[in-house]
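Hi,

Here is the structure I promised to pass on.

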Amino acid sequence: ARLWMVTTVNPAHYPATATTTPRNSTRNSNNVNHNYYECPQQQTDYTVSFLHSDQMMKRRDDLYSGMWWQSIDTMIRANYSQVSNRESITFTSFKNANDVLATVDWLDMSVEHLSKFVKHFESWGGRRHNDNVGLAIQTRVAEIIEQYVERSKVSCHHHQGSVSSDSNHTDDDDADTPRSKLSAASSTIAILPHHVSSEEETYDFRTSTLQLAATIASLWNIGIRRAIIVGVNDNTSLSATRTKEMLKGHLDKRRMEVEYVPIAEEEVLKKMKRGRVNVPMEAMVRFQMVYRRWYDATTSRISLTKRHIQQQQKQQQQHEIALWLGEHPSRWEHIYFTEPDLILHIRPEAMPDLSAQLKKGNILCAHRLNPLIHMRQFSDVYEKLLLNNNNNANATTTTTTTSEKNEDAQMMEGHFLPDLGNFASVHSLDGTSSDNACCDQGKFYPANREDPSSELHVRKTGQCKVNWVYCGYHSRPRRVGGNNNNNNNGNYSDWSNVLERHELLTTVPFISLERGTGMPLVHG
């Protein structure tokens, strides 16, 4: 596990340490502050500090975040054809880089990792939980992501200078701005392997599509000009179509090429151990093949015999090259690979230094921030349950006690982190403000515990067989005065149980990003 510290440059705005600070627990953070669209004054002398892989406890393994950014010249040397799982795409890329870097300050480059949060609620609309409550919670999960997508459409284009909304505006209009000249984003092509197995109208289809849209919206916001969605079945193709429909407002405002590329029929592709297609591997192998084909053709590196054969296949190859690389393949110098559930945040002033590292042949990895299953985003659902419970109690002229709360309210208490006590302290940060910083200490782990320098082993130990952030959500909550074997019950009156289950989370500070989803986050 990696444990971290929150600091701020201006202590008048936020707490200066990782200690917990009481916060009004009645605030409904589902209504995120929208008053942040005025572009801040940009700094011209901003310098990014980097963490190198040898500064990490587990070296390059600690830099894994489900995405990477590198030059195409570096990427093309990697051999992805033997990759056996999705994560290995990243580690294969690491082997070919001069160095693998992350920023010291999380706010310079980070991602919000949505999928574990979303998947936690997959079963909540069925037999496991009350249908009405479960569906209300699933609806709220979708709303949180959908609201981010809508907000991102009207936020500043921080990495492109002034962008006109005039219909005659073209990509070249801002190509010569000082900020664009220093940004690798405009010469970056993004690859997003995507796989949706469920039918439309299901929770999985809807949230998978929303996560994809949120990921692409964040790339659009930093100035990346082309995104390739790679899939292998009809449901994924439909998800890509729905994503482009959601992003129409973004693409009308500033052009970005969004293309869906079907690589083959799912049935004929090599499967991983659990029977799923390794879409990331297939995507990277195909991209390398197409890019090499285009590069060889444009640099006359093909023999006359091969050239004759290619002339016969010219039309098909040109179509394939255009599908992957667009109309102007020569513009792409960098590649951004990402899982389709990662909202990217980059501080505008950090872009020149990030771009310089890419030109040196280094790989950039973002800090991965995980949303917490926290009552703050679901307080109105919970309060409605309590209100209904109190109305029923008043109808029978009795007083509702903690032990008499309806099962739905107790179910939420047993599965959501309370917006109370230590867990109510969330540092709300703005990634465009020079007053805010979240500093990573590499092998030193500052946190809310007595010896922050000692490593905390949690993965694959005891009952914690998942990412340590979600360990407490998978442990069995106790029910006060009831059967401790009931996994769906528990309540906040048993505060010792809440602290015991979420002991790991008490050791780290919570943050939220005003320009992101607004959910409480921890690094991990």
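Predicted model: local features only at pLDDT ≥ 70, side-chain atom pairs only at ≥ 80, totals over all residues.

**Phe287 and its surroundings**

Setting aside neighbours within four places in sequence, Phe287 touches Ile72, Met75, Ile189, Ile191, Trp324, Leu325 and Ile335, where contact means heavy atoms within 4.5 Å. Phe287 sits in helix H9, residues 279–298. Helices here are DSSP runs of H or I with at least four residues, strands are runs of E with at least two, and both are numbered from the N terminus. With a relative accessible area of 0%, Phe287 counts as buried; buried means under 20%, exposed over 50%, and partly exposed in between, using a 1.4 Å probe and protein chains only.

Residues are numbered from 1 along each chain as its sequence is written, and side-chain values use heavy atoms, with hydrogens and water left out.

**The whole chain**

The protein chain has 16 helices and 16 strands. Of its 524 residues, 56% count as buried. Among contacts with a separation of 6 or more, 82% are between residues 24 or more positions apart. The accessible surface is about 23400 Å², and 47% of that belongs to carbon and sulfur atoms; the areas come from the Shrake-Rupley method with a 1.4 Å probe, and for residues only the protein chains shown count as cover.

**Helix H6 and its partners**

How do H4 and H6 pack? Helix H4 (residues 131–153) and helix H6 (residues 203–222) have axes 9 Å apart, at an angle of about 20°. Axes are lines fitted to C-alpha atoms, for helices over the stretch in contact, and angles run from 0 to 180 degrees between N-to-C directions. H4 and H6 are therefore roughly parallel; the cut-offs are under 35 degrees for roughly parallel, over 145 for roughly antiparallel, 65 to 115 for roughly perpendicular, and oblique for the rest. On the H4 side the contact includes Ile145, Tyr148 and Val149, and on the H6 side it includes Leu210, Ala214 and Trp220. The residues of this contact split into 11 nonpolar, five polar and three charged. For that count, Ala, Val, Leu, Ile, Met, Phe, Trp, Tyr, Cys and Pro are nonpolar, Asp, Glu, Lys and Arg are charged, and the others, Gly among them, are polar.

H6 also meets helix H7 (residues 234–246): their axes come within 9 Å and cross at roughly 50°, so H6 and H7 are oblique to each other. Among the residues in contact are Phe205, Leu212 and Ile216 in H6, and Leu238, Arg242 and Met246 in H7. That contact divides into eight nonpolar, four polar and one charged.

**A few single residues**

- Gln147 lies in H4 and is partly exposed at 28% relative accessible area. The C-alpha atoms of Gln147 and Thr517 are 7.7 Å apart, although 370 residues separate them along the chain.
- Lys359 is in helix H12, residues 351–359, and is exposed at 62%. Lys359 and Ser71 are 288 residues apart in sequence but 6.8 Å apart, C-alpha to C-alpha.
- Glu201 is in the loop between strand S6 (188–193) and H6. Its phi is near 80°, a positive value in a residue other than glycine, and Glu201 is exposed at 74% relative accessibility.

Cheers
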